[in-house]
Amino acid sequence: MVNLHFLPKLFQKGEHGMGLLKNIFGKKEDGIQIYAPAGGKLVPLSVVSDPTFAEGILGQGAALVPSGNQFFSPVDGTAATVFPTGHAVALTSEDGVEVLLHIGLDTVKLNGKYFTIHVEEGQQVKKGDLLLEADLEKIRAEGFDTVTPIVICNTDEFAEVVMAEEGEVETGDIVLHLKK
């Protein structure tokens, strides 16, 4: 008699269930994920007070009200453009996603004051690599909003760009789901 006691576990949800089948047949993520470049509160891009972002002129995405001063790469890819003022960086992911990370609103007017750049244009980056630092307390003290738009600049190349659930996130949490 053959013992088939393991069969129910193959189809059971949880740690020992479908995970076994996924390990055998390979796990494939559904779509492309963009990760939080910092901790803070995730909010819809539409609530950002700058219409360039809120109206999606540069593309769809989300915004982060950051709780820390360090900003990390939300993707594996290349730092395509590093603004000399340190207020923004544009990345191209290995999947071809063009991600703009813009620290604060109108912060270009600070001409680099309170920003430290940790990446060079053309540099390969991995998710979690430090890109920029910003002294958010001093930036706010000068009257600037530090909300940080995370924009998919080539939105038109994707069937869907969907924000994760609004609320508190930690660095590295998924903030956007994209489908081709």
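User: Which residue forms a salt bridge with Glu94?
Analyst: In this predicted model, the structure holds three salt bridges. In the one that involves Glu94, the closest N and O atoms are 3.8 Å apart, which is inside the 4 Å limit for a salt bridge. The partner of Glu94 is Lys126.

User: How many residues apart in sequence are the parts that the pair of Glu94 and Lys126 ties together?
Analyst: Glu94 lies in the loop between β6 (88–93) and β7 (98–102). Lys126 belongs to the loop between β9 (124–125) and β10 (130–134). The pair therefore ties together parts whose separation in sequence is 32 residues.

User: Is Glu94 buried or exposed?
Analyst: The relative accessible area of Glu94 is 58%. The class of exposed residues begins over 50%. Lys126, with 47%, is partly exposed, whereas Glu94 is exposed.

User: What is the N to O distance in the salt bridge of Glu142 and Lys113?
Analyst: Glu142 counts as partly exposed at 38% relative accessibility, and Lys113 is partly exposed with a relative accessible area of 42%. The side chains of these two residues meet in a salt bridge, with an N to O distance of 3.1 Å.

User: Which residue forms a salt bridge with Asp135?
Analyst: Asp135 counts as partly exposed, at 25% relative accessibility. The closest N and O atoms of the pair are 3.8 Å apart, and the partner of Asp135 is Lys138.

User: What distance separates the C-alpha atoms of Ile103 and Leu132?
Analyst: Ile103 has its place in the loop between β7 and β8. With a relative accessible area of 1%, Ile103 is buried, since the cut-off for this class is under 20%. Ile103 and Leu132 are 29 residues apart along the chain, and their C-alpha atoms are separated by 9.1 Å.

User: Why is one side of β1 and of β12 left without a neighbour in the sheet?
Analyst: The open sheet has three strands in the order β1-β14-β12, with antiparallel pairing. One side of β1 (32–35) and one side of β12 (160–163) lack a neighbour because both stand at the edges, each with a single partner strand.

User: By what angle are neighbouring strands of the open sheet turned against each other on average?
Analyst: The strands concerned are those of the order β1-β14-β12.

User: Which residue in β14 is the bridge partner of Ile34?
Analyst: β1 pairs with β14 (residues 174–179) in the antiparallel sense, over four bridges. For Ile34, the bridge partner in β14 is Leu176.

User: Which element gives the largest share of the lining of the largest pocket?
Analyst: The largest pocket holds about 220 Å³ of space. Of its 13 lining residues, those nearest the centre are Ile32, Gln33, Tyr35, Asp76 and Asp95. The largest share of the lining is four residues, and the element that gives them is β1.

User: How many charged residues does the lining of the largest pocket have?
Analyst: The lining comprises 13 residues. By class, five are nonpolar and three are polar, and the number of charged residues is five.

Note on methods: Residues numbered from 1 in each chain as written. Predicted model: local features only at pLDDT ≥ 70, side-chain atom pairs only at ≥ 80, totals over all residues. Heavy atoms only, no water. Pairing = 2+ DSSP bridges. Helix = DSSP H or I, 4+ residues; strand = E, 2+ residues; numbered from the N terminus. 1 Å grid on protein atoms, 1.4 Å probe; cavity = no way out; pocket = protein on both sides within 12 Å on 5 of 7 lines; lining within 4 Å. Points joined across faces, edges and corners; volume = space filled by probe spheres on them. Nonpolar A, V, L, I, M, F, W, Y, C, P; charged D, E, K, R; others polar. Buried < 20%, exposed > 50% of the residue type's maximum accessible area, 1.4 Å probe, protein only.
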